[in-house]
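Trainee: I am new to this structure. Please show me how to read a few of its features.

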Amino acid sequence: MASEGYVALPLPDRVQVPPEVAVAQAEAFRLSMARRHSVRAFAPDPVPEAVIRAAVATAAGAPSGANRQPWHFACIGDPGLKRAIREGVEEEERAFYGGGAGDPWLAALEPLGTGVEKPHLTTAPWLIVVFAERWGEGPGGERWKNYYVPESVGIACGFLIAAIHQAGLVTLPHTPNPMRFLNDLLGRPEREKPVMICPVGYPAADATVPAAAKRKKPFEAICSLHPAPGPE
């Protein structure tokens, strides 16, 4: 990737609002995201491709190390491909639950009700497979280094999940390991590493969530505040 000199542009968008509006907007977003749930039971109802495109475009707007944007999103609606992905995932999961994970890990998963069978991978109308680009490569085969790849792709996945929720849809981030079979199935190059499968759709009428998933750590356990001192 050719190096470019620094060019400053005026801030194209200003979203600053008065403090009281900022508090209201932050709280409204918090309440909206509190209604987000990871769902395993999907309705087969179709989801317009335009919604998937918009969600992925949102994810692609995430910040990344040196602006290298080290990601690729493969969006699959084809039933045959979804079935092949499910078969590959379940093969890996059989090894995982058959002893590969270890007893402590399986015990931690037990309250969430996970298992080998992944019917949601064929029921959900779309699957989005997120790939992390470990290095960049030009048309002539020249390589360049990508920076902070896990962090960058993690932020993009957060944007993606929020966008799916904003569209009134649900997803279940799924990370079978290893996932190299996805490169072959989807024709992605060796430099890309599959990191997540997100089935996307509407929740089934009888959808449930694990009770354990609703137990969140208290705010005081996950945040420490160090505010500026007040006036003396």
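Mentor: Start with Asn 67, which lies in the loop between helix 2 and strand 1. Helices (H or I, at least four residues) and strands (E, at least two) are DSSP runs, numbered from the N terminus. This is a predicted model, where local features need pLDDT of at least 70, side-chain atom pairs count only at pLDDT 80 or more, and totals for chains, interfaces and linings use all residues. Residues are numbered from 1 along each chain as its sequence is written, and side-chain values use heavy atoms, leaving out hydrogens and water.

Trainee: Is Asn 67 buried or exposed?

Mentor: Buried means under 20% relative accessible area, exposed over 50%, and partly exposed in between (1.4 Å probe, protein chains only). Asn 67 is exposed, at 52% relative accessibility. Its phi is near 55°, a positive value in a residue other than glycine.

Trainee: What is the phi of Ala 66?

Mentor: Ala 66 has a positive phi of about 55°, although it is not a glycine. Ala 66 is exposed too, with a relative accessible area of 53%.

Trainee: Which residues touch the most other members of the largest nonpolar core?

Mentor: Nonpolar side chains tend to be buried together in soluble globular proteins. A nonpolar core is a set of buried Ala, Val, Leu, Ile, Met, Phe, Trp, Tyr and Cys residues joined through side-chain atoms within 4.5 Å. Here the largest has 23 residues, and Ile 52, Phe 73, Ile 128, Val 130, Val 153, Leu 160 and Val 200 touch the most other members. Helix 6 gives the largest share, seven residues.
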